[in-house]
Amino acid sequence: GSVHYVAGHIIDYKEERFARAVADCGGIGAACVQYYRNVAEMAETLRPEVVGHFDLVRQRFADDYSAAPPALRRAALEALEAVRDCGAILDINTGGLRKGFGHPYPAPWIVGAAHGMGIPMCFGDDSHSAAQVGYGLDTARNYLLALGVNSVTVLEPGTAGLNRRAVPLA
């Protein structure tokens, strides 16, 4: 499960569409808060196995918002609680690396909060072509290890659906 829309506008396609979402929400901070509310609602409603690129909204300003306003941080943490409560796995997504960020999605403070909440994590590459499959996975592994995350969760077919298995990173 992933969110790509805020206020009815796709936020990761063209800059002008993101700008419309920001305008309709009353500013960048409000648009980010709405994004995280949408993530929480998606997790609560759909209960996906994996929540993808949790902080996709940050791609439009290439910041990990470590100095984010309290309302934005609160909304992100509430969305993480929804991810935890529905039992989803958090995607550590290397699409952020392809877009020139210094690390995958989500930002370090979000990974730390998710780890502290006991949310399992997995790797994703957000590939949109065969050439992008597996991009940045070594970097993502090192990113998690540096943040104190020592395993990822994989989904495997089982007799009664999908089984989860923790795989050590070191």
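Two strands count as paired if DSSP finds at least two bridges between them. Helices (H or I, at least four residues) and strands (E, at least two) are DSSP runs, numbered from the N terminus. The model is predicted: local features need pLDDT of at least 70, side-chain atom pairs count only at pLDDT 80 or more, and totals for chains, interfaces and linings use all residues. Residues are numbered from 1 along each chain as its sequence is written, and side-chain values use heavy atoms, with hydrogens and water left out.

**View 1. The hairpin of β6 and β7.** Strand β6 (residues 151–158) pairs with strand β7 (residues 161–168) in the antiparallel sense, over eight bridges. Two residues lie between the strands of this hairpin. Val 152 has Val 167 in β7 as its bridge partner.

**View 2. The open sheet of β3, β4 and β5.** Three strands in the order β3-β4-β5 form an open sheet with parallel pairing. Its edge strands, each pairing on one side only, are β3 (50–51) and β5 (121–124). Strand β4 (residues 89–93) runs parallel to β5 and is joined to it by four bridges. The bridge partner of Leu 90 in β5 is Met 121.

**View 3. The packing of α2 on α3.** The axes of helix α2 (residues 28–46) and helix α3 (residues 70–86) come within 8 Å and cross at roughly 10°. Axes are lines fitted to C-alpha atoms, for helices over the stretch in contact, and angles run from 0 to 180 degrees between N-to-C directions. The two helices α2 and α3 are therefore roughly parallel to each other; angles under 35 degrees count as roughly parallel, over 145 as roughly antiparallel, 65 to 115 as roughly perpendicular and the rest as oblique. The residues of this contact (heavy atoms within 4.5 Å) include Tyr 36 and Val 39 in α2, and Leu 72 and Val 83 in α3. They divide into 14 nonpolar, no polar and one charged. Here Ala, Val, Leu, Ile, Met, Phe, Trp, Tyr, Cys and Pro count as nonpolar, Asp, Glu, Lys and Arg as charged, and the others, Gly among them, as polar.

**View 4. Helix α5 and its surroundings.** α3 and helix α5 (residues 108–116) pack at an angle of about 40°, with their axes 10 Å apart. α3 and α5 are therefore oblique to each other. In their contact, Arg 73, Ala 76, Leu 77 and Leu 80 of α3 meet Trp 109, Ile 110, Ala 113 and Ala 114 of α5. The contact residues comprise seven nonpolar, no polar and one charged. The buried residues of α5 are Trp 109, Ile 110, Val 111, Ala 113 and Ala 114, where buried means under 20% relative accessible area, exposed over 50% and partly exposed in between (1.4 Å probe, protein chains only). Their cover includes α2, α3, β4, β5 and α6 (137–146).

**View 5. The surroundings of His 9.** His 9 lies in strand β2 (residues 9–10). With a relative accessible area of 13%, His 9 is buried. Not counting residues up to four places away in sequence, His 9 touches His 4, Arg 17, Arg 20, Ala 21 and Asp 24.

View 6. Most residues other than glycine have a negative phi, and most peptide bonds are trans. Ala 7, which is not a glycine, has a positive phi of about 55°. A cis peptide bond, with omega about -10°, joins Tyr 105 and Pro 106. Pro 106 lies in the loop between α4 (95–98) and α5.
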